[in-house]
Amino acid sequence: MSAHILEHLGFPVAIADELEAFLHVLLYNAVRFLLHNYLTITPFIRKYFDGYDEMNGRMFSPELKRVIIRLHGVVRYGEQELEFECPGGARHPINDVFRDLILLFQNLYAFEDYQKAKAQWEARRARPLPQAASVPLDDYDFDDMDEAE
């Protein structure tokens, strides 16, 4: 599932969510069946794919998934970036696919954050300013004012 859907369970699934889910399925199969530079992949799989994070009774996608998609822009666990290799040691072209897809989703989430901040700003701006207390003009006796002069 996409990080977005895991964080917004009541929202309808959009095309972007399906595409992000495809990225995660592709990554899962790549770490399972392609050569890579991690000595053991199990901790990465558990942190990235299994479980969820919870805060104030709300469920969120695993932190590693959110951090990779929103911040890092590359698949990284700990200090080491995940790199796939072809047999013989050459760099696998799927590394570029992951980098490009993650960049697209990073931009999508940045745009979504911008839209949310803009909507909050517009909502604050649209609130009417507090008005001074007014007294109906009918309550004033303007005749008394003329006599005082």
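Author: H24 is found in helix α2. This is a predicted model. At 3% relative accessibility, H24 is buried, because the cut-off for buried is under 20%. Which residues does H24 touch, leaving out those up to four places away in sequence? They are M1, S2, A3, Y48, F49, K65 and I69. Two names in that list, Y48 and F49, come back below with the aromatic rings.

Helix α2 covers residues 15-33. It has 19 residues. From its first C-alpha to its last, α2 reaches 27 Å. That is close to the 27 Å expected at 1.5 Å a residue.

Which residues of α2 are buried? They are D17, E20, A21, L23, H24, L27, A30 and V31. An α-helix has 3.6 residues a turn, so residues three or four places apart point the same way. Keep that in mind when reading the list. The cover over the buried residues of α2 includes α1, β1, α3, α4, β6 and α5.

Next, the rings. A pair of aromatic rings is described by the distance of the centres and the angle of the planes. The whole structure has eight aromatic pairs. One of them joins Y28 and F49.

Is Y28 buried, partly exposed or exposed? At 30% relative accessibility, Y28 counts as partly exposed. Y48 is buried, with a relative accessible area of 0%. Ring pairs link Y28, Y38, F44, Y48, F49 and Y77 into a cluster. So the cluster includes a partly exposed ring residue, Y28, and a buried one, Y48.

R32 lies over the face of F33. The distance to the ring centre is 5.8 Å.

Now the loops on either side. P12 is in the loop between α1 and α2. Its relative accessible area is 65%, so P12 is exposed. Leaving aside neighbours within four places in sequence, P12 is in contact with I5 and D17. D17 is also one of the buried residues of α2.

I41 is found in the loop between β1 (35-36) and α3. At 14% relative accessibility, I41 counts as buried. Not counting residues up to four places away in sequence, I41 touches V31, H36 and L82. V31 is another buried residue of α2. I41 and Y77 are 36 residues apart in sequence. In space, their C-alpha atoms are 9.7 Å apart. Y77 also belongs to the ring cluster.

Helix α5 is one of the elements covering the buried residues of α2. α5 runs over residues 94-126. How does its span compare with what its 33 residues should give? At 1.5 Å a residue, they should span 48 Å. The end C-alpha atoms are 48 Å apart, so the two agree. The buried residues of α5 are I94, N95, F98, I102, F105, Q106, Y109 and E112. They pack against α1 (3-7), α2, α4 (63-72) and β6 (84-85).

α5 also takes part in a cavity lining. The structure holds one cavity of 30 Å³ or more. The volume of the largest cavity is about 80 Å³. Its lining is made of G73, V74, V75, E81, L82, E83, F84, N95, F98, R99 and I102. α5 gives the most to that lining, with four residues. L82, which I41 touches, is in the lining too.

Last, the whole chain. The protein has six helices and six strands. Along the sequence they follow the pattern α-α-β-α-β-β-α-β-β-β-α-α. Of its 149 residues, 29% count as buried. Take the contacts between residues at least 6 apart in sequence: 57% of them join residues at least 24 apart.

Notes:
Residues are numbered from 1 along each chain as its sequence is written. This is a predicted model: local features need pLDDT of at least 70, side-chain atom pairs count only at pLDDT 80 or more; totals for chains, interfaces and linings use all residues. Side-chain values use heavy atoms; hydrogens and water are left out. Rings of Phe, Tyr and Trp (its six-membered ring) pair if their centres lie within 6.5 Å; planes under 30 degrees apart count as stacked, over 60 as edge-to-face and the rest as tilted. Helices (H or I, at least four residues) and strands (E, at least two) are DSSP runs, numbered from the N terminus. Buried means under 20% relative accessible area, exposed over 50%, partly exposed in between (1.4 Å probe, protein chains only). A charge sits over a ring if NZ of Lys or CZ of Arg is within 6 Å of the ring centre and within 35 degrees of the ring normal. The expected span of a helix is 1.5 Å times one less than its number of residues. Contact means heavy atoms within 4.5 Å. On a 1 Å grid over the protein atoms alone, a cavity is a set of points where a 1.4 Å probe fits but cannot get out, and a pocket is an open set with protein on both sides within 12 Å along at least five of seven lines; lining residues have an atom within 4 Å of a point. Grid points are joined across faces, edges and corners, and a volume is the space filled by probe spheres set on the points.
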